[in-house]
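Work through the exercises below with the model open beside you. Try each task before you read its solution.

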Amino acid sequence: MLRLNVFIQVSEENKAEVEKTAKELVAASLKDEGCIAYDLFKSSTREDVYMICETWTDEASLKAHSESVHFTTLVPKIESLAAMKLEKFQF
């Protein structure tokens, strides 16, 4: 299985749009084959930080997700509004 933790740092002016877009991404991604979990969290210690935690059954599922229409449209939108950092783990 694979775990991705995606950290999103966003300015106050873009926060509402990033949160809305991230929630759309979560809702669509939960329907992807091989998706075990896909959650959005807001930091309780930093107002400007969100995190998306994803768990996938395998690389093939993650690859299909990264090529999906919702991913290829929503992730670039978030990237245009905020800084993103990805950490990937296998277990």
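The exercises go from the whole chain to single residues.

This is a predicted model, where local features need pLDDT of at least 70, side-chain atom pairs count only at pLDDT 80 or more, and totals for chains, interfaces and linings use all residues. Residues are numbered from 1 along each chain as its sequence is written, and side-chain values use heavy atoms, with hydrogens and water left out.

**Exercise 1. The fold**

Find how many helices and strands the protein has, and in which pattern they follow.

Solution. Start with the rule: helices (H or I, at least four residues) and strands (E, at least two) are DSSP runs, numbered from the N terminus. The protein has three helices and four strands. Along the sequence they read β-α-β-β-α-α-β.

**Exercise 2. Overall dimensions**

Decide whether the radius of gyration agrees or disagrees with that of a compact globule.

Solution. The radius is taken over C-alpha atoms, and the globule rule is 2.2 Å times the number of residues to the power 0.38. For 91 residues, a compact globule would come out near 12 Å. The protein has 13 Å, which agrees. Next, take the box along the principal axes: the C-alpha atoms fill roughly 35 × 25 × 15 Å. Last, look at burial (buried is under 20% relative accessible area, exposed over 50%, partly exposed in between, with a 1.4 Å probe and protein chains only). Of the 91 residues, 38% count as buried.

**Exercise 3. Partners of strand E1**

Work out how strand E1 (residues 2–10) pairs with E3 and with strand E4 (residues 82–90).

Solution. Two strands pair if DSSP finds at least two bridges between them. E1 and E3 share eight bridges and pair in the antiparallel sense. Here Arg3 stands opposite Thr55 in E3. E1 and E4 also run antiparallel, joined by nine bridges. On that side, Asn5 faces Glu87 in E4.

**Exercise 4. An aromatic pair**

Count the aromatic pairs and describe the geometry of Tyr38 and Trp56.

Solution. Rings of Phe, Tyr and Trp (its six-membered ring) pair if their centres lie within 6.5 Å; planes under 30 degrees apart are stacked, over 60 edge-to-face, and the rest tilted. The count is one pair. Tyr38 and Trp56 lie 6.1 Å centre to centre with 85° between the planes, an edge-to-face pair. The pair links distant parts of the chain, 18 residues apart: Tyr38 is in strand E2 (residues 35–42) and Trp56 in strand E3 (residues 49–56). Both residues are buried.

**Exercise 5. Two cysteines**

Solution. A disulfide is a covalent bond between the sulfur atoms of two cysteines. The test asks for two cysteine sulfur atoms within 2.5 Å. The sulfur of Cys35 has its closest cysteine sulfur in Cys53, 12 Å away, so the two are too far apart for a bond. The count of disulfides is zero. Now check burial. Cys35 is buried at 15% relative accessibility, and Cys53 is buried at 8%.

**Exercise 6. Glu59 and its contacts**

Determine which residues Glu59 touches, not counting those up to four places away in sequence.

Solution. At 39% relative accessibility, Glu59 is partly exposed. Apply the contact rule, heavy atoms within 4.5 Å. Glu59 touches Leu2, Lys88 and Gln90. Gln90 is 31 residues from Glu59 along the chain, and their C-alpha atoms are separated by 9.8 Å.
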